[in-house]
Amino acid sequence: MMEEREIIQRLKEKGYVLSMPRIAILRYVLTHRTHHTAESIFRALKEEYPNISMATVYNTLKLLTKEGVVQQVMIDENKVIYDSNTYFHPHFKCRVCGKIEDLQLPFNFQVPEEVDGKKIEDVHIYLYGICEDCRRKLGV
Ligand SMILES: [Zn+2]
Ligand SMILES: [Zn+2]
């Protein structure tokens, strides 16, 4: 994974203007390698950066997605999740409590570089079901 300084350097070379809130968002996603939403990042940073806005969070996440620093996980139809773990990994969503987790497949899956003459750039695997906690509570 890329280091903060390296990423900032690269973004500057590409002509992005990196304001303090933008750098704070970048630092936050790099130090919290997990799932985020625009709202959760906004909530986490607004106290320390009172002039941060949702618009800044959205446009920074858009540019970080474009530059491959985070990846969008579209497992939930109601919200976009930004994952700062950009290595390929499947996601699971519990249909009862809505929680979204990383998942380890019970077999080895390698993202193919090419299939049938098509160059593969992106693979997403989303699994839906009922999590352990909800199964226990519901007895299913
Ligand atoms: Zn659940
Ligand atoms: Zn994930």
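## Basis of the model

Residues are numbered from 1 along each chain as its sequence is written, while chains are lettered from A and ligands numbered from 1 in the order in which they are written. Because the model is predicted, local features need pLDDT of at least 70 and side-chain atom pairs count only at pLDDT 80 or more, whereas totals for chains, interfaces and linings use all residues.

## Domains

The chain is divided into domain 1 (4-73) and domain 2 (92-138), with bounds from an automatic or database domain assignment. Their centres, taken over C-alpha atoms, are 25 Å apart.

## The helix pair

Helix α1 (residues 4-13) packs against helix α2 (residues 20-31) at about 140°, and 11 Å separate their axes. Helices (H or I, at least four residues) and strands (E, at least two) are DSSP runs, numbered from the N terminus. Axes are lines fitted to C-alpha atoms, for helices over the stretch in contact, and angles run from 0 to 180 degrees between N-to-C directions.

In this contact, E4, I7 and I8 of α1 meet I23, L26, R27 and L30 of α2; contact requires C-beta atoms, placed from the backbone, within 7 Å.

## The sheet

Three strands form an open sheet in the order β5-β4-β8, with mixed pairing; strands pair if DSSP finds at least two bridges between them. Because β5 (100-102) and β8 (126-129) each have a single partner strand, they stand at the edges, and one side of each lacks a neighbour in the sheet. The twist from one strand to the next averages 25°.

Strand β4 (residues 91-94) runs antiparallel to β5 and is joined to it by 3 bridges. F92 stands opposite E101 in β5.

Note on methods:
Two residues are in contact if their C-beta atoms, placed from the backbone, lie within 7 Å.
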